[in-house]
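Trainee: I have a new model to read. Can you take me through its features one at a time?

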Amino acid sequence: MPSLPKENCLVEPEGKDTAPAVAWASLEIAQRHGEDAIIGFFPADHWIKEQTAYEQTLAAAIAYAQEQDAIVTLGIKPHGPATGYGYIEQGLLQREIDGLPVYQVTRFTEKPDRATAQTFVDSGKFSWNSGMFIFRAGVVLRELADHAPQLLTALKAQGAAAYPTLEKKSIDYVLMEKTQLAAVLPANFGWDDLGDWNALERLFPDPEANVDLANHVHLHSQGCIVYASDENQVIATIGLKDVVIVREGNVTLVVPKDHTQDIKGLLKQLQSQPEYENLL
């Protein structure tokens, strides 16, 4: 970041999810570099294992976006029926680029329940939605003009000043679930979404031990993920298994690893109760 020119940093005045971010950045890039400019959008909290394979996948996506009116998304091959990710169903094969297949998208599905996720994984036709997109600026702007004209009009007229009036919506909901130009490139470069506490265990696998990012003293505890923001605090456990423990300020979270996807629901519950406002 320090090496980037200040004028290349678009800072949102408030968070409104990904649709306004994609629209605003695309407008700015099209104005500066033309509608044929290739744009890539990448969530910042992802972990990529194999850099070379990742670059090859991006090169294939860029090549397809250059030659087709398409919004290419990178799909992640599921390694289980995760309920915390959206899913992409692949349709007809469009072409192969350097051995990597590109498919038409049949549909995007929001985070499913576990039974539905299992049917998706078993079919072999679904990828996890990584939230990574590659497209030409003009293509996405034309699609936004069709599917989200109010969003685009407001940002064209006011730029960042329009943010207080914008709805908080994701690009998946606003555009990707509606467009006919979506394509998916299933990826296999080693990927993880670090927004989940369980990701720590996936990055540091050891089934016989705990993942300790705290002063953790235990007797017969196994497979636990333990974190404390204050290195001087001590967390002591006895006989726990497959539990996440997070100590942050005056709040302690204790949750089984297979229920970490429910943390957002708990936060909403806390937000609805004024006496807990100082904890958030």
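Mentor: We will go through ring pairs, a sheet, a cavity and a pocket.

Mentor: This is a predicted model, where local features need pLDDT of at least 70, side-chain atom pairs count only at pLDDT 80 or more, and totals for chains, interfaces and linings use all residues. Residues are numbered from 1 along each chain as its sequence is written, and side-chain values use heavy atoms, with hydrogens and water left out.

Trainee: How many aromatic pairs does the structure hold?

Mentor: Rings of Phe, Tyr and Trp (its six-membered ring) pair if their centres lie within 6.5 Å; planes under 30 degrees apart are stacked, over 60 edge-to-face, and the rest tilted. The structure holds nine such pairs.

Trainee: Why is the pair of Y54 and F189 edge-to-face?

Mentor: Their planes stand at 70°, so the pair is edge-to-face; the ring centres are 4.9 Å apart. The pair links distant parts of the chain. Y54 sits in helix α2 (residues 51-67), and F189 in the loop between β7 (182-187) and β8 (191-193), 135 residues apart. Helices (H or I, at least four residues) and strands (E, at least two) are DSSP runs, numbered from the N terminus.

Trainee: Is Y54 buried or exposed?

Mentor: Buried means under 20% relative accessible area, exposed over 50%, partly exposed in between (1.4 Å probe, protein chains only). Y54 has 12% relative accessibility, so Y54 counts as buried. F189 is buried as well, at 1%.

Trainee: Which arrangement do F120 and F126 form?

Mentor: F120 and F126 are stacked, 4.0 Å centre to centre with 15° between the planes. Both are buried. Elsewhere, ring pairs join Y85, W128 and W191 into a cluster.

Trainee: Now the sheet. In what order do the four strands run?

Mentor: Two strands pair if DSSP finds at least two bridges between them. Here the order is β9-β11-β13-β14, in an open sheet with mixed pairing. At the edges are β9 (211-213) and β14 (251-256), each pairing on one side only. Neighbouring strands of this sheet are turned by 5° against each other on average, direction ignored. For such angles, axes are lines fitted to C-alpha atoms, for helices over the stretch in contact, and angles run from 0 to 180 degrees between N-to-C directions.

Trainee: In what sense do β9 and β11 pair?

Mentor: β9 and β11 (residues 225-228) pair in the parallel sense, over three bridges. V211 has I225 in β11 as its bridge partner.

Trainee: What lines the largest cavity?

Mentor: On a 1 Å grid over the protein atoms alone, a cavity is a set of points where a 1.4 Å probe fits but cannot get out; a pocket is an open set with protein on both sides within 12 Å along at least five of seven lines; lining residues have an atom within 4 Å of a point. Grid points are joined across faces, edges and corners, and a volume is the space filled by probe spheres set on the points. The search finds one cavity of 30 Å³ or more. V22, I71, F133, F135, V140, I171, L175 and M176 line the largest cavity. α6 gives the most to this lining, with three residues.

Trainee: And which classes line the second largest pocket?

Mentor: Ala, Val, Leu, Ile, Met, Phe, Trp, Tyr, Cys and Pro count as nonpolar, Asp, Glu, Lys and Arg as charged, and the others, Gly among them, as polar. This pocket's lining has seven nonpolar, three polar and three charged residues. Its volume is about 270 Å³.
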